[in-house]
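Subject: Structure handover

Hello,

Here is the structure for you to look over. My notes follow below it.

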Amino acid sequence: MVVMDVRALADEDLIPLMARGDARAFEALYERHSGAAYSLAYRMVGARAVAEDVTQEAFLNLWRSGAHYDRVRGSVRSWILGIVHHRAIDALRRNAVHAKRRSDDETAAERLEAPDKVEDDVARRDEAAIVRNAMDVLPSDQLKVIELAYFGGYTHVEISELLDSPVGTVKGRMRLGLKKMREALSHGAVET
Amino acid sequence: MNGDHERWEDATGAYVLGALPDDERAAFEEHLATCAACRAEAEELRVAAQALPLSGPPVLPPPALKARIMAEVEREAELLAGARDTPGPERERPRRRWSWRVPMPAVALACAALLAGVVAGGVLFGGGSDGRRYDMDSTLPQASAELDVTEDGAIIVANKLPMPEAGKVYMVWIQRPGRAPEPTSALFTPRRDGSATASVTGDMEGVATVLVNQEPLGGSTTPTSQPVLVASLAS
């Protein structure tokens, strides 16, 4: 009997196997995406133990909700990172971490110190560079509201209080900034 | 719908960043359903928002995390395989309407009634382990579920569970007497055949009721829909 190595399969083909209860298919997805997932969780919550909890919740959610994936709505990776993002926001809103961070003025990006082993995947590093370049084209006031919202888990209302800017201004900056970023990315060819 | 569109035009960025407060997000999603322009823009901006998590220096998770996650996945995979091999007999289950906001005496009464139902149905004690097993009461036609409670958590094994509504998952809640339901991290969607497993980890001391309802994908901190599966735990 030929034993198929699931690690050779594309993400989209692993999902239906996992949805039927194949733990090896899940493991292959974990191997591929846990780095990006944990990095995002750590960047958002700023504490290793919480980042691990968030990553664990997100992957167990993936294991149990696999049948829910819809390829029309984006890649498997984006889907997984979307789950991590949701869980991290929950963790931020649950924990005092959020309240404590309210007092310091630094942006989510500035908080990051590399704590663990940095991934040595070259393709992944190139991709990060392309996204950072696209973020670099934004004026700082647009980048700031986007980072506070996405990585900080703040609502636009909280951000308007934090920055003492009208709600409409904050929403407008988010929209404009993302538009510019989208434009820059279309030149950098990053597949999300 | 023009006035409506102008009102929402600036919300697309905040929406794809997950930065709209819950009530505003729900209202915006209603608008999205009717506004092709906003839908197109949201899809466009989502590409940028989805690239954001890739911008940071990639960090590897500790190997112990994988070990923990895989242990849980292997355990559930085994349970699931076991549940498939030995399908339980079809049983008609009493259906009950539940409300989260009924006054406490009513809850106590209903719990007593449910408990009686469970006892009459037979509380099964797990073979040799210290776990206790309960039938869950279901408001869904056909669906059935059992709850295994151990010292450090609980596992739900369900069958013939329908797919949740679009954008929703099933979520497990635990409730102690006289308290509001507490969220757990157990979110799940049934597999194609309607089978599902979910596990709750943590102290089950004093938990009187385990409930399952539908919530938006990331889960909620307070229930937003009626429970569909309910187990009352015998003390």
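What is the area buried between chain B and chain A, and what percentage of that area do carbon and sulfur atoms give? It is about 6,100 Å², with 61% from carbon and sulfur atoms. Buried area is the accessible area (1.4 Å probe) that two parts lose on being put together, summed over both.

This is a predicted model: local features need pLDDT of at least 70, side-chain atom pairs count only at pLDDT 80 or more, and totals for chains, interfaces and linings use all residues. Residues are numbered from 1 along each chain as its sequence is written, chains are lettered from A and ligands numbered from 1 in the order written, and side-chain values use heavy atoms, without hydrogens or water.

Interface

Leu54(B), Pro58(B) and Val59(B) supply 12% of the area that chain B buries against chain A, more than any other three residues. The contact (heavy atoms within 4.5 Å) takes 67 residues from chain B and 71 residues from chain A. The rule finds 11 salt bridges across the interface. A salt bridge is a side-chain nitrogen of Lys or Arg within 4 Å of a carboxyl oxygen of Asp or Glu. Glu52(A) and Arg68(B) meet in a salt bridge through their side chains, at 3.1 Å, N to O. Helix 5 (63-85) of chain B is among the elements on the side that touches chain A. It gives the largest share of that side, 12 residues. Helices here are DSSP runs (H or I, at least four residues), numbered from the N terminus.

The largest pocket has a volume of about 1,600 Å³. Of its 42 lining residues, the closest to its centre are His86(A), Arg25(B), Glu29(B), Leu217(B) and Gly218(B). Helix 4 of chain A gives the largest share of the lining, 10 residues.

On a 1 Å grid over the protein atoms alone, a pocket is an open set of points with protein on both sides within 12 Å along at least five of seven lines; in a cavity, a 1.4 Å probe fits but cannot get out. Lining residues have an atom within 4 Å of a point. Points are joined across faces, edges and corners, and volume is the space filled by probe spheres set on them.

Cavity

The structure holds 1 cavity of 30 Å³ or more. About 70 Å³ of space lies in the largest cavity. Its lining includes Trp79(A), His86(A), Val169(B) and Leu217(B). Helix 4 of chain A gives the most to this lining, with 3 residues.

Best regards

Conventions. Helix = DSSP H or I, 4+ residues; strand = E, 2+ residues; numbered from the N terminus.
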